[in-house]
Amino acid sequence: MSTATDSVETDAEHETRHPSDLDYVKIAILLGVITALEVATYWLELNNFVIVALWGMMIVKFVIVISYFMHLKYDSKIFRWLFLGGLFMALAVYVVAFAASGFFVGDWIG
Amino acid sequence: MSIDEDVHLDEAAGTTPAKVVDEGSEPEGHSSAHGLSAMDEDLAGSFPYAGGHHSATGLSNEKLAMWVFLGSDCLLFGGLISTYLLLRNRGPVGLDGPRAEDVFDIPFTSVTTFILLMSSMTMALAVAAITRGELKRSRVWLVTTAMLGATFIGGQVYEFTTFYREGLGYTTNIFGSAFYTLTGFHGVHVTVGIIMLMSLVIMSLRGRLTADRAETVEIVGLYWHFVDIVWILIFTVVYLIP
């Protein structure tokens with residue numbers, strides 16, 4: 001359990017790393033560029049490489065938003081684990097649902 | 001730098017009065033403006049936004065509740081996205097209406113996606129501004145965020161209308177049902193976010209949203225960014241990987 005002194009030190013540390021307005025603009029530009037790359041794949045032939053690239057870019061955008069705009073990079077680890085706990089629980093539940101439906105082995109007719 | 005010397009008290013929390021920095025000022029640091037005492041800062045949570053409610057964890061209960069809600073909302077959208085993926089190409093014979101490749105307009109949806117992404121930036125700027133005590137600037141960013149969100153919803157309404165005219169109703173086929181349910185739920189989330197944003201603007205105009213309540217804006221911001229990351233998933237999984 002952290003003491004009040006620890007808390008003050010943590011606050012000070014977080015304040016020094018808090019993104020500036022310019023940082024937010026740079027992050028938004030980066031997100032815009034990644035989105036443009038994603039959209040550009042629409043005119044390419046959709047093969048496995050493109051699909052993996054799309055998933056990769058989606059994950060990068062996701063991580064950037066939760067880390068910087070939602071401040072999970074700077075905020076309490078409790079918040080981080082609460083959110084990631086829900087996220088991974090959702091992933092686990094629905095991966096099992098997909099597996100039970102035969103989605104991964106080609107049995108699925110959809 | 002002009003500083004409004006009016007003192008604002010957080011009535012609910014009874015926190016220390018805060019000086020409010022006026023529009024256009026450039027404060028030296030984040031901690032100088034929100035006006036919490038050292039003890040308040042110890043207990044308000046690890047991120048340097050004001051929050052007057054103390055808890056056993058040392059974290060803001062309101063913020064904790066929002067993160068729990070967002071974690072649970074992952075399950076909701078996980079279910080909807082999974083359902084869409086499982087059912088999009090499935091359906092009994094005779095329900096053969098349009099499919100994704102027949103109706104999707106990727107360039108149009110890309111524009112609305114970009115607009116929603118930029119609204120996350122303006123939301124982050126609103127939170128940063130009110131943390132520094134720049135109330136007018138914060139209001140401007142909040143209104144901008146709400147307008148961008150409304151533009152996104154307008155785009156979604158246009159898209160739904162177009163799809164309907166092209167023969168894709170809610171019960172036309174299973175793809176239509178799964179698509180409208182998923183994107184419709186997301187649209188409802190965005191609409192709720194717009195209502196919350198406009199409520200903040202009204203509170204701010206009435207003088208009830210001061211720097212010592214910056215955490216309220218931050219909590220609404222968390223919700224807004226969550227709506228954005230859900231759309232990041234939907235845009236790739238639903239639109240770009242047919």
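Visitor: Of the 242 residues of chain B, what percentage count as buried?

Guide: A residue is buried if 20 or more other C-beta atoms lie within 10 Å of its own, exposed if 12 or fewer, and partly exposed in between; C-beta atoms are placed from the backbone. In chain B, 49% of the 242 residues count as buried. For chain A, with 110 residues, the value is 21%. Keep in mind that this is a predicted model: local features need pLDDT of at least 70, side-chain atom pairs count only at pLDDT 80 or more, and totals for chains, interfaces and linings use all residues. Residues are numbered from 1 along each chain as its sequence is written, with chains lettered from A and ligands numbered from 1 in the order in which they are written.

Visitor: Is A:Trp55 buried, exposed or partly exposed?

Guide: A:Trp55 counts as partly exposed, because 14 C-beta neighbours lie inside 10 Å. Find A:Trp55 in helix α3 of chain A. Now look for A:Glu38. A:Trp55 and A:Glu38 are 17 residues apart in sequence. Their C-alpha atoms are 9.5 Å apart in space.

Visitor: How many helices and strands does chain B have?

Guide: Helices (H or I, at least four residues) and strands (E, at least two) are DSSP runs, numbered from the N terminus. Chain B has 7 helices and 2 strands. Its order from the N terminus is β-β-α-α-α-α-α-α-α. Chain A has 4 helices and 0 strands. Its pattern reads α-α-α-α.

Visitor: At what angle do α4(B) and α5(B) pack?

Guide: Axes are lines fitted to C-alpha atoms, for helices over the stretch in contact, and angles run from 0 to 180 degrees between N-to-C directions. Helix α4 of chain B spans residues 106–131, and helix α5 of chain B spans residues 135–165. They pack at about 160°, with axes 8 Å apart.

Visitor: What do we call that arrangement of α4(B) and α5(B)?

Guide: Angles under 35 degrees count as roughly parallel, over 145 as roughly antiparallel, 65 to 115 as roughly perpendicular and the rest as oblique. So α4(B) and α5(B) are roughly antiparallel to each other. Their crossing is left-handed: the near helix is turned anticlockwise from the far one by less than a right angle, while clockwise would be right-handed. The contact of α4(B) with α5(B) has 14 nonpolar, 11 polar and 2 charged residues. Here Ala, Val, Leu, Ile, Met, Phe, Trp, Tyr, Cys and Pro count as nonpolar, Asp, Glu, Lys and Arg as charged, and the others, Gly among them, as polar.

Visitor: Where do α4(A) and α2(B) stand on that scale?

Guide: The axes of α4(A) and α2(B) cross at roughly 20° and come within 8 Å. These two helices are therefore roughly parallel. The crossing of α4(A) with α2(B) is right-handed. Their contact holds 16 nonpolar, 7 polar and no charged residues.

Visitor: Which residues touch the most other members of the largest nonpolar core?

Guide: A nonpolar core is a set of buried Ala, Val, Leu, Ile, Met, Phe, Trp, Tyr and Cys residues joined through C-beta atoms within 7 Å. The largest one has 70 residues, and B:Ala124, B:Leu125, B:Ala126 and B:Ile130 touch the most other members. Elements giving two or more residues to this core include α2 (21–40) of chain A and α6 (174–205) of chain B. The largest share, 17 residues, comes from α7(B).
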